[in-house]
Amino acid sequence: MEIINLGAGDGLPPVDWAIVTEKLDAGSAPAPDAHNSRTTWLATVNEDGSPHVTAVGALWLDGAFWFQTGSGTRKRGNVARDPRCSVAVSIRDADVVIEGDAAQVTDPGVVARIAKAWADNGWPAEPDESGSGITAPFNAPSQGPPPWHVYRIEPRSATVALGTEPGGLTRFRF
């Protein structure tokens, strides 16, 4: 892993990636009483090269972000054409942006494990009849009808901005 301390010019220490992943693993919220504290934003690339940003119910698991979407959504079309994307989320004391490529996951064992993780976090997802997608009693209306496709974003880089003393801004390349 390459660590680039973007705050070095201001005398700031580099961010400790292990602390960031600990907080991501724990589902850390920006503050204990933060409203809508776990909104995660997915940015994909539209056909004309412009960005498309949308809120997603992403899940951090096994060192990667996971999201799901319906067949007719813009984000699905975008990542099918160009898998480059980024995910932004606030955690306790920091903001995190992960960049990587979205890859559809269809392996029934992996889909089942991810569906269980979503269910364990309060969204009652489960594998569909084929095992390659997921279903649930509800989802955002914009996702269209189930089954929904599961995607994994393997981090290529991350940028972390600390919001508490001593502060820090660090980019990580994996």
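This is a predicted model: local features need pLDDT of at least 70, side-chain atom pairs count only at pLDDT 80 or more; totals for chains, interfaces and linings use all residues.

Residues are numbered from 1 along each chain as its sequence is written, and side-chain values use heavy atoms, with hydrogens and water left out.

**Helix α1**

Select residues 17-25, helix α1. Helices (H or I, at least four residues) and strands (E, at least two) are DSSP runs, numbered from the N terminus. W17, V20, T21 and L24 are buried here; buried means under 20% relative accessible area, exposed over 50%, partly exposed in between (1.4 Å probe, protein chains only). These residues cover an arc of only 95° around the axis, so they sit on the same side of α1. The arc is taken from the directions from the helix axis to the C-beta atoms.

Now show D16. At the start of α1, one of its side-chain oxygens comes within 3.0 Å of the backbone nitrogen of A18. Just after α1, find G27, with a positive phi of about 70°.

**Strand β7**

Go to A102, in strand β7 (residues 94-105). A102 counts as buried because its relative accessibility is 7%. Beyond neighbours within four places in sequence, A102 contacts (heavy atoms within 4.5 Å) F67, V79, P83, C85, Y151, R152 and I153.

**The β9–β10 loop**

Finish at Q143, between β9 (134-135) and β10 (149-162). Which backbone nitrogen lies 3.4 Å from a polar atom of the Q143 side chain? That of G70.

Methods:
A polar contact is a pair of N or O atoms within 3.5 Å; within protein, one must be able to donate a hydrogen and the other to accept it, and residues adjacent in sequence count only if both atoms are side-chain atoms.
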